[in-house]
Structures are given as C-alpha cells and as structure tokens.
Amino acid sequence: MADLTMTIDGRAVAGDAAFGVVNPATGRVAGHAPGASRAQLDAAMEAAARALPGWRADEDARRKALLAVADLLFARAEEIGRIVTLEQGKPLGEAALEVAGAGVWFKYYAELDLPREIIQDDERALVEVVRRPVGVVAAITPWNYPLLLAAWKLAPALLAGNTVVLKPSPYTPLSSLVLGEALRDVLPPGVLNVVTGGDELGAWMTSHPVPRKISFTGSVATGRRVAAAAAPDLKRVTLELGGNDAAILLDDVDPAAVAGRLFGAAFANNGQVCSAVKRVYVPDALYDDVVDALAAQARAARVGDGMTEGVQYGPVNNRPQFERVGELVAEALAGGARAAAGGGPLPGPGYFFAPTILADVPDGARVVDEEQFGPALPVLRYRTVEEAVARANGTLFGLSGSVWGADADRAAGIAGRLECGTAWVNTHLALAPHQPFGGFKWSGLGVENGPHGLHGFTELQVVHRARG
Ligand code: NAD
C-alpha cells in the first residue's frame, strides 16, 4: 500500500524515519509508517495548543464536527476496515464493525446532553459547577482495537473542547494514519494530530511540557511508566489497563445454553480484548459438561487470514504476543493441564494459534494468574460459591467479571461481590458508549465512556456569583 503520512496542523507530514508494519496473517511487511522525530512531536503539540482557543470556544461547531466524523466513519467502514484487518488481523466483517463502532462513539458524544449544574440559587448566591477542557490531550492506544479505542478517547476529548495528539501502537499505526488523513477536511487544523513511531514516542509524549492530560490504554507495565512520567508535571491521567476477567458459572446454569456465549466472550478478537473472559470457574458437578461444550465450540471455530471469507478468528496480532500465549499454554500443559481443544500454534507463516480450552490446570499456572490476552482459556473447578468469589478476586487485576445462573437475582447478588469495574450477569463484554468503563486495582485509573468518561477530559470549575 502507498505510504501514509502523519497529520500535524491539518497537513500531511512524512516521517523523518519509517518503520515496517507486519501483516500478522503472513508475517510479512504490509506497509510502512512514518517515525516521528522529537521536532515533529513538538510541532504536533504546538499545533494542538494553537488550535485550542478556537476549538473550545464553539460547542455547536464541535458537535457538528463530531457528527461529520461519525458519518465519515460509517460511510468508509469497509474501506478503512480492510486496513485494520491488514495490520491487526481480525476478520474483515469485524474490522468494518470496529470502524463503524468508532462512528457510534462519535455520534453518541456529539449528541450527549450536558445539563447545566446549579448547586445553589438563592438570595445569597448563584453557584454553578462547570466543566472546562483540560487543554491538549496526549492519547496513546494499543493494538487490539486501534480505531475503536482511539474513538473512546477522541470523541469525549474533542466534545469537551480539548485538542489532541494521537499516537497508535507501532503494531497498528496504519488505520490511525488513515483516520488523520480522512479528518483533515473535517476538523480545523491542529484539533487532531496523528503521529506514529515506536514506544519511545509514547514516552516523549508523556514527559512533554504541552499536554495537560494523558489518556492511555495498554498494559499495566506501561501504564505505570505513564503515571510516573505524568507525575512531575501533575498531568491528569486516565489509564485503561489489562484485565484477568473471571466468569463464574453457578450450579443452576445449563452448560449447553451458555457455552456459545461464554466462548464468544472469551475468544472475541482472538482473546485480545482487555475485558474478555480470561478464566472460567465451574462447579464440580458441571465441570466435564462445560469443558466439553467449550471444547466443541473451539474445534468448530474457523481460524485463518481475516481477509478470507468465512474466517471467524484471525492470527494473534504480533510475534511477541504469539510467543507469550504459546509459552503460557505449554507451561500449563507441562504442569499437568489437559488441552480439551487446541493446545498450540497452527502452521504458519502467520501467527495462527489453535483456539485452546485448558482443563485441570494446576495451581499457580501463569495462564490463570496472569493476563494471557490470546486464544487460550483455562476452565477451573470450584466447590463453593464463596471459594469461587475469593479466587476470582484473588488478583490485582479488576477490570470486569461475570456471573452466570438461571436465577438472575442470585447471580446479581454474587456479581456485586466481584472486585471489578464492570460486573455482568448472564453476559460478558457488553460494552456501550453510555456505559462507563474502567478498572479497579491494577486495571486502571479513571473511566472511559458515558458522561463519566467525558468528565475525565475536563477540569471542574465552580462559578460563584454573589448576590445582595
Ligand atoms: P502496551 O502497554 O505495550 O502499549 C500500549 C501503547 O503504549 C502503545 O501505543 C505503545 O507504543 C505505548 N507505549 C509503550 N511504552 C510507552 C511508554 N514508556 N510511555 C508511553 N507510551 C508507551 O500495550 P499493548 O501490548 O499495545 O496492548 C495490550 C494491553 O492493553 C493488554 O494488557 C490489554 O489488556 C490492554 N488493554 C486495555 C484496555 C482497557 O480499556 N482497559 C483495552 C485494550 C487493551
């Protein structure tokens, strides 16, 4: 594909360097992205700062622009989706849905009502609480949903009156570059700048003097670095980090009825979802039936190049992640676990891995205790609900979790005891623009989505007018 350019101050900018982007279905370089220099990052930050006064001054114009962005994403979902498939690996249909989903986020925020908040109105004073933009936002995204997770940041940040410098993952920069190019005619110059480069570019952004806010989605390890880099300048941070979501099945569940939905929530995007089901806890009496039903789902899944019609699951996105999933599975098997389905990589050249269901996983296996972020699911046996809840909570992750049972009230009572940002009942991965999303403990700081997510891109100001 033709080389793409960064967007700085509304203009096309070639990089001072370039790097290859690998198509995970072939293992070969599919395109190149510019590598921004420090001077180019400075230019992007300065452009964002210059654009700020005009952009924050006109809420109507912002809403109209956000709707135009949504329309563009809806209209070009398939075309931009092909680029997502090329660099990320997911099937074309899902990639197009991701792009259209990004449009849904822009539309939601374009139309979000922001009621005036008056906290006192009497003879002594009129006191209002007002949300002001924070300023320039540095947005840093991961490789699993490059455009959707960018939209989770851009739409609320822009509606609130901020301007943005966006840096996608070096594994999936192409779709964000295309987004920047597509929006040059839709947003005023400098309002959205897109720069690409390696991890060091992210570090330059978090220590740069211009941004007042870092909005980051990625791993816990990097999230810590981001928080540390933001601290000396007291930049605001939102961190959406990893998860190790537990799904607890109760004893009144019908294994055949839930297996499809559970499998879907664990293997969506090949398990590369922060809030995918990453561990399943099953009562002793149902254990074999659940393992068998999940294994049947895994064996029926069609894995292949996302460009091919009928493929449901693409490759793992990148070589380090592919190797990590392989290591975690091999280690569990060596420790005595049983692969009820899958169990290892599929023939290459791409990073294909067989959808894997692991049974009888030994205590202390990393595939249970750490975030696997790939197509391998451990199924664990429990005796009492107390024990299942304690094991689900026995982690420093706390993104989301779910409880499944025929008695929804009972299941909801148990779900309420999960230490996580979203507790689902008889579903998992049900995300929506109006629903705030964030993690307890190491899974994050702050939330995205809904009015609550917008608030994260604002400073709260009290306007107190004395009377009499
Ligand atoms: P990562 O932390 O390796 O990288 C994320 C982004 O940070 C990339 O753009 C990367 O270039 C950049 N980066 C790397 N080092 C940096 C530094 N020192 N300073 C600033 N930026 C830096 O994560 P990843 O491997 O791309 O993504 C996978 C992780 O993301 C998983 O742990 C997953 O659970 C998590 N994730 C979380 C959510 C959520 O909403 N909670 C959503 C998707 C993914």
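1. The shell around the ligand is made up of 14 nonpolar, ten polar and five charged residues. The model is predicted, and the points below should be read as descriptions of that model.

2. In total, 29 residues surround the ligand. T141, D199, S219, L241 and E371 are the closest of them. The ligand takes up the space of the largest pocket. Helix 7 (199-206), strand 10 (213-217) and helix 8 (220-230) are the elements that each contribute two or more residues to the shell.

3. An N or O atom in the side chain of E371 is 2.6 Å from an oxygen atom of the ligand, and for the side chain of W143 the distance from an N or O atom to a ligand oxygen is 2.9 Å. On its own the ligand would expose 850 Å², and 91% of that is buried by the protein.

4. The largest cavity holds about 100 Å³ of space.

5. The lining of the largest cavity consists of 16 residues, with R279, A392, S400, E419 and C420 nearest its centre. By class, this lining has six nonpolar, six polar and four charged residues. At least two lining residues come from each of strand 12 (245-249), helix 13 (385-393) and strand 17 (400-404).

How values were computed. Residues numbered from 1 in each chain as written. Predicted model: local features only at pLDDT ≥ 70, side-chain atom pairs only at ≥ 80, totals over all residues. Heavy atoms only, no water. 1 Å grid on protein atoms, 1.4 Å probe; cavity = no way out; pocket = protein on both sides within 12 Å on 5 of 7 lines; lining within 4 Å. Points joined across faces, edges and corners; volume = space filled by probe spheres on them. Helix = DSSP H or I, 4+ residues; strand = E, 2+ residues; numbered from the N terminus. Nonpolar A, V, L, I, M, F, W, Y, C, P; charged D, E, K, R; others polar. Near = heavy atom within 4 Å. Polar contact = N/O pair within 3.5 Å; in protein donor to acceptor, adjacent residues only side chain to side chain. Areas by Shrake-Rupley, 256 points an atom, 1.4 Å probe, with all protein chains shown as cover. Sits in = over half its atoms within 2 Å of the grid points.
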